[in-house]
Amino acid sequence: MKISPKNPHFFKPILPGFKQGIKIPKGFLKYVKKYDQYEHAILRRADKKWRVKVNGRRLEDGWEKFAEQHDLHLRDILVFRHEGDMEFEISIFDLNQQCEREYKYEYESKDKPNHNIKSSRKASHFVCIVRPYCLSRDALLVPKEFASRNGLFNTKKRDLLVRDERQRSWNVILRSYGDKTAYLVDGWNKIRDANCLKEGDCIMFEVVTSGNKPIWKFKRMTEQ
């Protein structure tokens, strides 16, 4: 029996023509009660909110402003987490860097926003696409920037505990080779097989705790 997630989410890759609007996946609508009665959706990042017109499954008026203020571009990936009442918490990932982009919102005064949004890289997450080598080998490449910012090149071998939202857990070994590459090896195949991952699936890892045996959280971003 499938259990509905507490905060269901979907991901959308940024494709050509994205400024004109973006569609909520049809399969996701089962999580939004009476979605056709909503005229607007609320997009949320940090303490800021954007009101966007809903036309069927399409987010239109107001979306272009959100896209411009967050400097969205091709190959970005957005994760929409539904908080209820057509309100979504948005996470933005740069697939080239495979880390979440963090924004700093500057204000001219308490009541008047400057809308000067600066972006930086946050090393607590990374996203990646499952490639053929991930299926044929017990290995998953960890993005270089993520590995560097989290000090993963300091030791050749590191034990990790990886958990998912269903509280399943796997012991995984991370191996680094010099200061250029790091892979999840022993244990990656168990995560892959337990989640029936296939080529093209989008997945995310998040650092929960560091220390002698860090704990990471695993999420499959694509629906099964």
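Buried means under 20% relative accessible area, exposed over 50%, and partly exposed in between (1.4 Å probe, protein chains only). This is a predicted model, in which local features need pLDDT of at least 70, side-chain atom pairs count only at pLDDT 80 or more, and totals for chains, interfaces and linings use all residues. Residues are numbered from 1 along each chain as its sequence is written, and side-chain values use heavy atoms, with hydrogens and water left out.

**View 1. Arg 45 is a buried arginine in strand β3.** The strand spans residues 40-45. Helices (H or I, at least four residues) and strands (E, at least two) are DSSP runs, numbered from the N terminus. Relative accessibility of Arg 45 is 8%. A polar atom of the Arg 45 side chain lies 2.8 Å from the backbone oxygen of Ile 90. That distance can be set against the rule for a polar contact: a pair of N or O atoms within 3.5 Å, where within protein one must be able to donate a hydrogen and the other to accept it, and residues adjacent in sequence count only if both atoms are side-chain atoms.

**View 2. Arg 44 and Glu 83 form a salt bridge.** A salt bridge is a side-chain nitrogen of Lys or Arg within 4 Å of a carboxyl oxygen of Asp or Glu. Here the closest N and O atoms are 3.9 Å apart. Arg 44 lies in strand β3 and Glu 83 in strand β6 (residues 76-84), so the pair ties together parts that are 39 residues apart in sequence. Glu 83 is partly exposed, at 30% relative accessibility.

**View 3. Glu 83 also meets Arg 81 in a salt bridge.** The N to O distance is 2.5 Å. Arg 81 is partly exposed, at 33%. Both residues belong to a network of salt bridges that links Arg 44, Lys 49, Arg 81, Glu 83, Glu 87 and Glu 89. The model's salt bridges number eleven.

**View 4. Lys 198 pairs with Asp 201 in a salt bridge.** Their closest N and O atoms are 3.3 Å apart. Lys 198 is partly exposed, with 44% relative accessibility. Asp 201 is buried, at 3%.

View 5. A disulfide is a pair of cysteine sulfur atoms within 2.5 Å. Cys 134 is buried, with a relative accessible area of 0%. The disulfide count is zero.

**View 6. Cys 196 is an exposed cysteine.** Its relative accessible area is 52%.
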